[in-house]
Amino acid sequence: MKITHYREKDFKTSNWSGGTTTELFIYPHEADYRKRDFLFRLSSATVDLDKSDFTPLPGFFRFISPLNGDLKISHDEKNFTKLKPYEVYAFDGGAKTVSMGRVRDFNLMVKDGVETEVKNFALNKNSVLKFSVSKGEIGWIFLYNTKVLLTAETVNEKKEFNLDKLDLIIFEADDYTNSDTKEEVLISADGALSLFYGKVPIAF
């Protein structure tokens with residue numbers, strides 16, 4: 001399994017109407033967010049206004065979670081869904097969307113038809129996160145609240161990563177892996193932390 005650690009120096013930050021957005025990962029790698037030619041995109045944005053209008057993304061499905069405060073989201077400016085830190089909300093990227101609250105958030109955007117989800121996990125010295133990645137999938141872990149030494153262990157290797165806040169790890173099955181075989185990875189850490197994780201099919 002190929003395991004890649006992405007840090008702040010690897011990310012791209014740009015402006016949007018409500019603040020800044022940092023692109024953590026995009027697939028395919030040569031895709032351009034502005035051209036909307038990506039299959040999926042992981043990002044973290046700041047919302048610097050009390051009220052913000054989201055950029056419409058027709059043809060995509062979105063997952064969002066606030067990281068450091070409450071966020072209210074509405075698609076009609078009448079009924080609002082209130083999200084506390086680390087709660088995940090999924091919605092149609094093409095829908096008119098307004099938010100209330102100044103926060104930093106985490107986002108996953110996927111092309112319509114791609115089946116995936118964003119999961120939240122609290123890890124500590126006595127727990128292990130176990131998940132699997134098959135050929136034709138990309139797995140990921142996003143750390144958002146602390147620095148930690150994280151260990152990723154597969155059948156063939158064991159790697160350690162010194163992670164900082166907002167770091168990302170990408171997992172890709174080896175090319176020779178049978179499409180029906182799942183490569184398991186065990187995640188542990190030397191302290192308590194919260195993280196998001198998931199996997200996205202890239203061949204469907």
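The centres of domain 1 and domain 2, taken over C-alpha atoms, are separated by 21 Å in this predicted model. Domain 1 spans residues 2–111 and domain 2 spans residues 117–201, bounds that come from an automatic or database domain assignment. Residues are numbered from 1 along each chain as its sequence is written. Because the model is predicted, local features need pLDDT of at least 70 and side-chain atom pairs count only at pLDDT 80 or more, whereas totals for chains, interfaces and linings use all residues; side-chain values use heavy atoms, with hydrogens and water left out.

The size of an interface is often given as the accessible area lost when the parts come together. Between domain 1 and domain 2, about 2200 Å² is buried, with 72% of this area on carbon and sulfur atoms; buried area here is the accessible area (1.4 Å probe) that two parts lose on being put together, summed over both. Of the area that domain 1 buries against domain 2, 31% is supplied by Lys 2, Ile 3 and His 5, more than by any other three residues. In terms of contact (heavy atoms within 4.5 Å), 23 residues of domain 1 meet 26 residues of domain 2.

Zero salt bridges were found across this interface, a salt bridge being a side-chain nitrogen of Lys or Arg within 4 Å of a carboxyl oxygen of Asp or Glu. Five residue pairs, both residues at pLDDT 80 or more, are in polar contact across the interface. A polar contact is a pair of N or O atoms within 3.5 Å; within protein, one must be able to donate a hydrogen and the other to accept it, and residues adjacent in sequence count only if both atoms are side-chain atoms.

On the side of domain 1 that touches domain 2, at least two residues each are supplied by β1 (2–6), β3 (19–27), β4 (40–47), β6 (60–66) and β11 (103–111). Strands (E, at least two residues) are DSSP runs, numbered from the N terminus. The greatest contribution to this side comes from β1, with five residues.

Two local features concern backbone geometry. Tyr 27 and Pro 28 are joined by a cis peptide bond, with omega of about -5°, and Pro 28 lies in the loop between β3 and β4. Strands β7 (residues 71–74) and β8 (residues 80–83) run antiparallel and are joined by four bridges; strands pair if DSSP finds at least two bridges between them. Leu 71 stands opposite Leu 83 in β8. Five residues lie between the strands of this hairpin, where Glu 77 adopts a positive phi near 65°.
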